[in-house]
Amino acid sequence: MQRKTKLVLLVVVIPISFLMLVSSIIIANPLHAATFVFNKSNFHNPLNIDNKYFPLKPGTTFIYKGTKESEPTRDTFKVTSKVKEIAGVSTREIRDNLYTKGVLTESTQDWFAQDNDGNVWYFGEFTTDFTNKENPHEGSWQAGVKGAKAGVIMEAQPHVGDTYNQEVAKGVAEDMATVLSLNEKICVPYSCFTHVLKTKEFTPLEPDVVSNKYYAQNIGDIKEISVQGESEEQHLVQITGGDSSKQIQSNSASTEQQGHSKSLKAHNQPSQEQQLQQLQAEAQQLLKKNNVENQSSPK
């Protein structure tokens, strides 16, 4: 009798302790499957993109410098005044140009819109990779075309553990993100920031490739770095146009005056846009030349 009683008590105690352990793990590491349902009627003012982690004011250009596979890169992310209607929603067009060793190697048009709740949606991209002669537009997609759907590039209220789809184009573009932190301290050439949002970026199409992105409040993307599968990183170095002086004053952690002077210096460089336009024109001529050569070459 005594032996049977002890066995019964042992069976009862183990499950309770196990459940307590599991509960403590869940509380310490919450996971949120962030589910967003697209509804075009939920976009009353879609072009007013003022999400604190992803603001897009027309006329603003974010300039980044970094490396890709040990080669120096420069990236310009320009918020244009162009509007494109996609899936029944007016979207803001972005022109993103990547230069490798001073040569334009990739040019992309991205389309974003903000819903009534403050979430910023990603409606697609048209990419031209000048190094890929066989399929220069690989990875391009648009919501509502060939089954693709809009994804969320930035939540209105991010929480640690949130995981969400950024691109929803099966077999073409399936980028996802998970919120890792809301309180990072990051310094980039542009300035230093606190309360920075850190995300993990990944895709089922390339499971061995993982990167981290960092977003400063009222600025946006300030740093990207590969942590698995690739060797790539870029850091914000300058903002031109828009209201960059106010942005830097409200966000820098310890170098407000330095960041402010950088912003003022940026306003005194009107030739920057002319230089970018010239490079883009040269790249387009190069692409046309390659197309002519491909057509005239024997098959």
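This is a predicted model: local features need pLDDT of at least 70, side-chain atom pairs count only at pLDDT 80 or more; totals for chains, interfaces and linings use all residues.
Guide: Two strands pair if DSSP finds at least two bridges between them. Strands (E, at least two residues) and helices (H or I, at least four residues) are themselves DSSP runs, numbered from the N terminus. A case here is S8 with strand S10 (residues 167-168), an antiparallel pair with two bridges, in which Lys149 stands opposite Val168.

Visitor: How many helices and strands are in the protein?

Guide: The protein has four helices and 15 strands.

Visitor: What percentage of the residues in the protein is buried?

Guide: A residue is buried under 20% relative accessible area, exposed over 50% and partly exposed in between (1.4 Å probe, protein chains only). By that rule, 42% of the 299 residues are buried. The accessible surface, computed with the Shrake-Rupley method and a 1.4 Å probe, is about 16900 Å², and carbon and sulfur atoms account for 53% of that area.

Visitor: Which residues of the largest nonpolar core touch the most other members?

Guide: In soluble globular proteins, nonpolar side chains tend to be buried together. A nonpolar core is here a set of buried Ala, Val, Leu, Ile, Met, Phe, Trp, Tyr and Cys residues joined through side-chain atoms within 4.5 Å. The largest one has 45 residues, and those touching the most other members are Phe112, Phe123, Ile222 and Leu236. Contact in general means heavy atoms within 4.5 Å. Beyond four places in sequence, the contacts of Leu236 include Phe62, Val188, Tyr190, Ile219 and Ile222.

Visitor: To which strand does S8 join by three bridges?

Guide: Strand S6 (residues 120-129) is joined to S8 by three bridges, and the two run antiparallel. Within this pair, Trp121 is opposite Val152. S8 itself (residues 149-154) is mostly covered, with five of its six residues buried.

Visitor: Which residue in S15 is the bridge partner of Tyr64?

Guide: The partner of Tyr64 is Leu236, the core residue already named. S2 and S15 form an antiparallel pair with eight bridges.

Visitor: Where is Glu233 found, and is Glu233 partly exposed or buried?

Guide: Glu233 belongs to strand S15 (residues 232-240). Glu233 counts as partly exposed because its relative accessibility is 29%. Glu69 is in the loop between strand S2 (61-68) and S3, and its contacts beyond four places in sequence are Glu230 and Ser231. With the same exclusion, Glu233 touches Gly66, Thr67, Thr73, Glu224 and Ile225.

Visitor: How many salt bridges does a search of the whole structure find?

Guide: A salt bridge is a side-chain nitrogen of Lys or Arg within 4 Å of a carboxyl oxygen of Asp or Glu. The search finds one, between the side chains of Glu224 and Lys213 (3.9 Å, N to O). Glu224 lies in strand S14 (residues 220-228) and Lys213 in strand S13 (residues 210-216), 11 residues apart.

Visitor: Which side chain of opposite charge is nearest to Asp75?

Guide: Lys and Arg count as positive, Asp and Glu as negative, and His and the chain ends are not counted. For Asp75, the nearest opposite charge is Arg74, 8.9 Å away; Asp75 is buried yet has no salt bridge. Asp75 is in strand S3 (residues 71-86), and its contacts beyond four places in sequence include Tyr64, Asp96, Asn97 and Gln234.

Visitor: Where is Lys146 found?

Guide: Lys146 is in the loop between strand S7 (141-142) and S8. Although not a glycine, Lys146 has a positive phi of about 55°, and with a relative accessible area of 85% it is exposed. Asn218, in the loop between S13 and S14, also has a positive phi, near 65°, and is partly exposed at 35% relative accessible area.

Note on methods:
Residues are numbered from 1 along each chain as its sequence is written. Side-chain values use heavy atoms; hydrogens and water are left out.
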